[in-house]
Amino acid sequence: MIPAIFFTAITVSCSSTVDVPYSVERANKLNETVMCPVCPGESIDQSQNPLALQMRDIIKDKLNQGWSDQQIKDYFVEKYGPSILLSPPRSGVSLVVWVIPPIIVVLSLLILIMAIKSMRRNKVRSDGLEQINPSPEKISEYSKTLEKIINEP
Amino acid sequence: MFVEIGYIAIGVSFALSTYISIASLVGGIKKIPELIVSARWGLYSLPFLLLVAVIALVNAFITNDFSVRYVAENSNLAMPQQYTWVALYAGNAGSLLFIAIVFSLLAVAAILSIRKSLPHSTPYALALMALVLTFFLGIICFMANPLERLPITPADGQGINPLLVHFGMFIHPPVQMTGLVSVTIPFSIAIGAMLAKRGGRDEWVDIGRIWGMISWLILTMGLLLGSWWAYTILGWGGYWAWDPVENSALMPWLAMTAFIHSIMVQKRRGMFRMWNMVIIIVAFTLSLMGMFINRGGPVPSVHSFAQSTMGWLFLMFMGVSLFGSLIAFLLRMDNLISRDKLESLLSRESMFLFQNVLFLIAAFITLWGSVFPVLAKVINGTTVTVGEPFYNVVVGPILLIILVVMGIGPFFPWRRATKSNIYRAIRVPLAAGILTAIIIIAVGIRQPLATLAFAVCGVAAAGIFNEWFRGTRTRMRKGEPVWIAFTNLITRNRPRYGGYIVHLGILMLAIGAIASSFYSTQQDITMQPGDTYEIGGYTLSYLDSYQRKYSDRDEFIGEFKVTKGNKDLGLMYPKQSFYREFRINATHAAIKSNPIEDFYIIPSEFSNNGEAIFRILLNPLVWWMWAAGPVMAIGTIFALTPQKRISVRLISKEEENKRNL
């Protein structure tokens with residue numbers, strides 16, 4: 001029943017397409033990639049600061065004038081510096097930020113594989129089970145309890 | 001007068017905490033029970049001392065004693081009385097005091113829970129907890145004393161940060177801070193056991209796991225409450241922005257998630273002894289990192305209100321504790337050799353390990369993205385922003401793989417499995433996943449990434465329900481009616497079935513996040529009173545706008561009537577408050593929420609004639625994300641409830657100790 005609710009909810013909510021003009025969608029996407037210069041840590045899409053509103057208007061205007069996304073981004077970079085973009089450029093120093101994560105992934109997986117291999121041939125500490133030599137009464141008590149656990153409703 | 005008493009209490013508690021750490025450590029090493037007992041009773045008295053300080057501070061707030069610097073900086077005459085509680089932790093000094101008292105309480109509870117069962121490692125654990133507490137109390141005492149007086153008493157205070165004046169703020173910051181500091185408890189228990197050379201006996205594992213899960217739950221709730229707060233007040237229609245401070249809370253959560261899973265392997269199989277130590281050290285370091293980024297944050301963030309100049313102290317403490325625990329780890333490695341070895345790649349042990357590595361990768365990449373702007377600035381002098389698009393691309397896929405592992409991992413048997421075992425266990429979930437994808441494509445959802453993500457959720461959900469169904473059916477064959485069979489099934493192995501409930505919560509969270517990030521509709525519209533607008537089947541009429549003046553703020557309120565089809569959804573009041581003194585605008589969204597979608601109105605700008613810009617959002621399935629909170633809480637608590645164990649010993653306890661097994 002719960003999966004059914006899940007399903008209906010997903011299909012109903014995600015398949016109903018709402019007609020948002022393409023230019024609006026494009027503007028929204030761009031707004032999400034430009035930082036608001038005066039509000040710490042918020043994009044102009046998130047911020048309701050007057051400056052952010054102005055910048056959103058600039059983006060709308062430029063799009064209407066037929067500017068490309070890249071041109072608009074370049075325009076803001078020229079005005080405010082590269083840190084105005086939320087996504088660091090894939091060139092220069094910021095290339096490093098993009099290169100390291102895949103390296104982390106590959107290295108960790110390599111280490112994981114090596115660790116598993118070494119664990120499989122590793123020495124292990126004896127838990128001394130072999131030297132326990134329990135009495136026969138103990139063993140029968142043990143198996144009785146096991147039986148009980150298995151058979152109880 | 002009260003203030004002076006509180007001031008003294010803080011000084012005494014610092015001295016006492018220093019004594020506890022030294023006495024407990026020396027008592028542990030030299031085996032002097034008297035010292036240990038005195039340290040323990042010292043700890044028990046700490047919460048009372050700190051309570052005196054807190055009462056003094058609260059009293060200063062209530063009586064508007066602006067001669068106290070912290071009170072003058074974080075409240076004013078206009079502040080409503082109930083916000084005293086928020087003001088208590090709104091600034092740096094007060095939040096540190098809050099952390100100190102909460103942590104002292106947690107430490108008392110932790111020591112009470114381990115002192116009988118772990119007599120050997122308790123002194124070390126106590127010393128570690130006291131050390132952390134000493135660090136906080138030292139900062140409070142010497143650098144940020146909330147009870148410090150001002151040389152001249154101002155007539156009125158500066159007031160509380162208006163962004164904090166919100167219901168979510170009553171709980172999110174304290175829960176989040178408690179979560180971060182609570183990681184210290186499982187850390188101390190684990191490292192304490194290691195220092196006492198008891199790491200090779202898995203006696204600490206049960207209680208360490210319990211505290212790990214408590215800490216995990218608090219962190220989870222802190223994150224969810226924070227998202228909820230962002231969703232309702234930050235007013236952009238989202239709940240997570242990969243802000244540096246959000247990341248700093250996410251990283252310890254990721255590490256703790258790894259820990260509460262891998263600890264199960266040690267509990268069941270006596271393996272991963274070293275690995276668990278490493279993970280808990282990482283989690284603890286990341287939680288200190290979180291506090292550092294929040295307080296001394298070198299990166300701009302929306303959380304800048306608790307900022308201070310003492311970030312470097314946290315960084316130093318983090319460095320010292322990381323270095324110290326690693327040295328201790330290296331010295332004690334010989335005690336941590338596993339009882340058993342990994343037998344096969346196809347086993348639950350390997351799946352746990354794989355899951356752990358994925359979580360740590362996610363944590364480290366997040367860390368990397370958060371510190372990169374600082375590195376770039378220091379090394380190269382360039383300012384870079386690493387924001388949402390980066391994390392979506394880099395961390396997103398890893399989270400998706402984690403969901404896959406969550407879906408199929410639990411069906412791998414312990415030790416080793418054959419390929420046909422695995423095939424039998426995962427064929428139903430896998431089929432369900434493919435079916436999900438087909439249905440989703442059939443109803444017209446064409447976003448390939450979203451389809452993949454939903455299919456993955458389908459696999460995980462089917463896995464869990466299939467397991468419940470099969471277990472229940474087996475019990476029903478023995479003649480139990482459905483509900484009794486189901487209850488018996490899940491109450492017999494609570495860690496496992498509680499875990500499944502938490503996994504369901506995670507799935508609800510994932511589905512909400514996937515749907516709302518791929519299928520959210522957003523439109524900014526300019527409206528005059530009297531205008532009507534239609535979007536996504538909703539009709540909204542902008543009836544009126546009005547202004548209300550309060551002592552500290554002006555509110556601009558829009559009144560909307562919303563209908564969907566023929567159904568009247570009632571009136572909605574999105575509003576914007578302008579706090580004159582702070583020159584800050586706080587937005588309050590109006591939300592109509594149901595399990596299918598949220599209808600969300602945010603005011604962007606009001607002009608005098610009533611014309612205004614509004615942002616309308618249709619956010620699908622966000623409701624499920626908030627509903628996931630209680631589900632995860634119930635699951636965690638269920639997994640923690642004590643279970644009667646039937647045990648038979650083949651040899652007596654004394655014999656076992658004698659042989660040092």
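**Backbone, domains and cores of chain B**

Q: Where in chain B does B:Leu621 lie?
A: B:Leu621 is in the loop between β10 (612–620) and α20 (622–640) of chain B. Helices (H or I, at least four residues) and strands (E, at least two) are DSSP runs, numbered from the N terminus.

Q: What kind of model and numbering apply here?
A: This is a predicted model, in which local features need pLDDT of at least 70 and side-chain atom pairs count only at pLDDT 80 or more, while totals for chains, interfaces and linings use all residues. Residues are numbered from 1 along each chain as its sequence is written, and chains are lettered from A and ligands numbered from 1 in the order in which they are written.

Q: What is the phi of B:Leu621?
A: Its phi is near 60 degrees, a positive value in a residue other than glycine.

Q: Is B:Leu621 buried or exposed?
A: B:Leu621 counts as buried because it has 25 C-beta neighbours inside 10 Å. A residue is buried if 20 or more other C-beta atoms lie within 10 Å of its own, exposed if 12 or fewer, and partly exposed in between, with C-beta atoms placed from the backbone.

Q: And what about phi at B:Arg415?
A: B:Arg415, which is not a glycine, has a positive phi of about 65 degrees. B:Arg415 sits in the loop between α15 (396–408) and α16 (419–442) of chain B. With 14 C-beta neighbours inside 10 Å, B:Arg415 counts as partly exposed.

Q: Changing topic: which domains does the assignment give for chain B?
A: Chain B has domain 1 (1–162), domain 2 (166–408), domain 3 (409–516) and domain 4 (521–622); these bounds come from an automatic or database domain assignment.

Q: How many residues do domain 2 and domain 3 of chain B put into their contact?
A: Domain 2 of chain B gives 18 residues and domain 3 of chain B gives 21. Two residues are in contact if their C-beta atoms, placed from the backbone, lie within 7 Å.

Q: Which element gives the most on the domain 2 side?
A: On the side of domain 2 of chain B that touches domain 3 of chain B, α15(B) gives the most, with seven residues.

Q: Which residues have the most contacts inside the largest nonpolar core?
A: They are B:Ala100, B:Phe136, B:Ile140, B:Ala255 and B:Ala283, in a core of 201 residues. A nonpolar core is a set of buried Ala, Val, Leu, Ile, Met, Phe, Trp, Tyr and Cys residues joined through C-beta atoms within 7 Å.

Q: Which helix gives the most to this core?
A: Helix α9 (residues 205–234) of chain B does, with 17 residues.
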